[in-house]
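Please read it alongside the sequence and the coordinates shown here.

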Amino acid sequence: MRFSLVSMRFAVAAGLMTGVALLAMWATTPPPERVTLPILDDVTLAASCRDALRAAREQVIKLEQVPLEKVSPETILEQWDRDQIALENVTGPVSILNNVHPDQRVRDAADRCTLAISSFSNELFQNEKLFERIRAVVPMTPAQKQFRKDLLDAFEDSGVSLPKGKRERARVINDRLTELSQEFERNIRDNPAKVTFTPTETRGLPASWLARVPKDAKGNSVVGFDYPDYLPFMANAEDEAARRRYYAANTNRGTPRNLALLDEIVGLRRELAGLYEEPSFAHHVTKRRMVENPETVLKFLDDVRAAVTSAEKKDLDDLRSVKAEMTSRPIASVKIERWDISFYTERLRERRYQVDQEELRKYFPTEKTIAWVLGINEHLYGVRFERAAVPVWQEDVRYFDVRDTRSGRFIGGFYLDLFPREGKFKHAAAWPVRGVSRKSGRNPISVLVTNLDRKGFTQPELETFFHEFGHTLHGVLSETTYNQHAGTSVQRDFVEAPSQIHEEWARRIESLRTIRDACPECPPIDLALVERLDAARRFGQGIQYARQLLYSDFDMALAGSSPRDAMSAWKTLEAATPLGYVPDTAFPGTFAHIAGAYAAGYYGYMWAEVLALDMLSAYGGDIMDPTVGERYRKMILARGGEEPARELVEKFLGRPVRSDAFFAEITGRKRAAGGAR
Ligand SMILES: [Zn+2]
């Protein structure tokens, strides 16, 4: 079955159907009506889960019994599509409630359901009778050919061709891996740890932050690790020791338990690769990706290293000068520490570019900015978002219908769950809870989850919101024939491209100046301000991408042929960077990406950014051009995983992929926008 792909922001044959065939299909399938997510309690969730699994097992028996001479795309692939959809009706809601439901009992019931489904799935893909039937299908269309290939790959990867003993071991390992990554995430999500800061330690923080965070009886600020608490603190708290303390606590959110979990995960993945006689887990997974093998990843990371090493050094030198000046110390005696990066970067941006991220919240008040972001996407893609009152899991959550503007056709819907609360997922991500299938007349639904500040956006927060909305639309605007290929069901190292491309709308004058349409009382945004914002944003790219490189190196090391324990691998790698390893920190225990689906895949953020920035060039100097938006919707978003990603991108661009825009971006150089900015 298609696994719901959670796409996070970092710490993600031509003419298959002619226009006529497409119209004909919509004409024969009645227009779908709105379907919303069931808001299950723990008891109904457990019952739905049991019923869905029972039904799925019955369907497996029916598929097993299809006589080989009756095997066809209709009897096997299209039946598979319907069965997959029936199961997704439960797994979709469960995957999101697992991360956002305010009641811990529901989140725990969702954990149990996810385990049961995952176990079923591991069994399913080891079923020889089904494997035999899928192999026997003769596909009639390119989509069916891709569908058949995807399934056969999934069977191979689950061990169907292994000898019996190894196959059984593969199943046990896969079940256990699901359990371990769940616990890893739960330890972060449900961690109640708080950090207390005295009024002296919170000097420099914006008044709105101080007014909002809870206080203890002595008037100290008591904070957890939600972004609106942590990020402004690291950017603004003048007290270095306080920043150091919060930094270290933040890296220890998951430890020591998560370090042990990660080691077990890494060991099991290594063993799994061994069952297939593959040299490493990285070999096991990259063969299904754009890169095809780990060597391509390592070569790409080396190219990134060659580009960012000197850019990082220059950025750090600039920060040292600011720190020396602000602390009135000779520069030779000043060292930049990890907990200084955000703080002195902001000071440098204020001094050199007159950009104050906290001040920017006035330009981007939360509610009006959300309306504006939605409006930009409506304009670009020719769609309408209509808010509707439907049942939700928490009162702040909102829902929108999505319609095609020209035809008025109902497309699907999305939910926005925007603000932090106890027990909620702490990062930003999109859940494609219901995937499209034109064959089955199924409308898609996605859920966007963020942890926004209610006062307004900084520029990085705005980029994050655009980014996640990109994932959301990838799910909602896909029009694939089968659920298998819906939206974000693409190769893992492509999935971040349709989200990263959207970050640009938080950067350019053509889009930014239109905020006044949504917020006439907001301060105006002119070209001079946008130029300063862009210059400020480009400062520090060397540091930021060097960090992304470190995460990717670490991920590849754990997925390599002889991984060490996570903590010592991390210490060695971090110690080799200009800032060194920080004693008493344990970042690996918080790195949920690689405990889960981004394993041997973290490089994908940068890999996909090459594609994103290259696709952006299609807009030239006007990212508000809806003719390009419509083409992008049809050629990329609508197509989901129906074709390999590289083919989709190169058809959209009309040429092979180029990486120059990416390398300009990561070294802080101004990118050619293909026209005036
Ligand atoms: Zn993402």
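Leu637 has its place in helix α26, which covers residues 626-637; helices here are DSSP runs of H or I with at least four residues, strands are runs of E with at least two, and both are numbered from the N terminus. The model is a predicted one, in which local features need pLDDT of at least 70 and side-chain atom pairs count only at pLDDT 80 or more, while totals for chains, interfaces and linings use all residues. Residues are numbered from 1 along each chain as its sequence is written, and side-chain values use heavy atoms, with hydrogens and water left out.

With a relative accessible area of 2%, Leu637 is buried, where buried means under 20% relative accessible area, exposed over 50% and partly exposed in between, for a 1.4 Å probe and protein chains only. Once neighbours within four places in sequence are set aside, Leu637 is in contact (heavy atoms within 4.5 Å) with Tyr381, His474, Leu477, Ser478, Pro498 and Tyr632. Leu301, by comparison, is 336 residues from Leu637 in sequence and 27 Å from it in space, C-alpha to C-alpha.

## Helix α9

Helix α9 (residues 227-236) is largely enclosed by the rest of the structure, because 8 of its 10 residues are buried. The buried residues of α9 are Pro228, Asp229, Tyr230, Pro232, Phe233, Met234, Ala235 and Asn236. Their cover includes the strands β2 (195-197) and β3 (221-223), together with α8 (207-212), α10 (240-251), α14 (341-353) and α15 (357-360).

## The chain as a whole

The protein chain contains 28 helices and 8 strands. Its radius of gyration is 25 Å, close to the 26 Å that the globule rule gives for 677 residues, so the chain is as compact as a globular protein of that length; the radius is taken over C-alpha atoms, and the rule is 2.2 Å times the number of residues to the power 0.38. Along the principal axes, the C-alpha atoms fill a box of roughly 85 × 55 × 50 Å.

Of the 677 residues in the chain, 61% are buried. The accessible surface, computed by the Shrake-Rupley method with a 1.4 Å probe and, for residues, with only the protein chains shown counted as cover, comes to about 25800 Å², of which 56% belongs to carbon and sulfur atoms.

## Disulfides

Searching the whole structure finds 2 disulfides, each defined as a pair of cysteine sulfur atoms within 2.5 Å. In sequence order, the bonded cysteines of the protein chain pair as 1-2, 3-4.

Cys49 is joined to Cys113 with an S to S distance of 2.1 Å, and this link is right-handed, with 90° about the S-S bond. Since Cys49 lies in helix α2 (residues 42-64) and Cys113 in helix α4 (residues 104-124), the pair ties together parts that are 64 residues apart in sequence. Both Cys49 and Cys113 are buried.

The sulfur atoms of Cys519 and Cys522 are 2.0 Å apart and form a disulfide, which is right-handed because the torsion about its S-S bond is about 85°. Cys519 counts as buried at 1% relative accessibility, and Cys522 is buried with a relative accessible area of 3%.

## Ser72

Ser72 is found in the loop between α2 and α3 (73-100), and is buried with a relative accessible area of 17%. Apart from its neighbours within four places in sequence, Ser72 is in contact with Leu77 and Val137.
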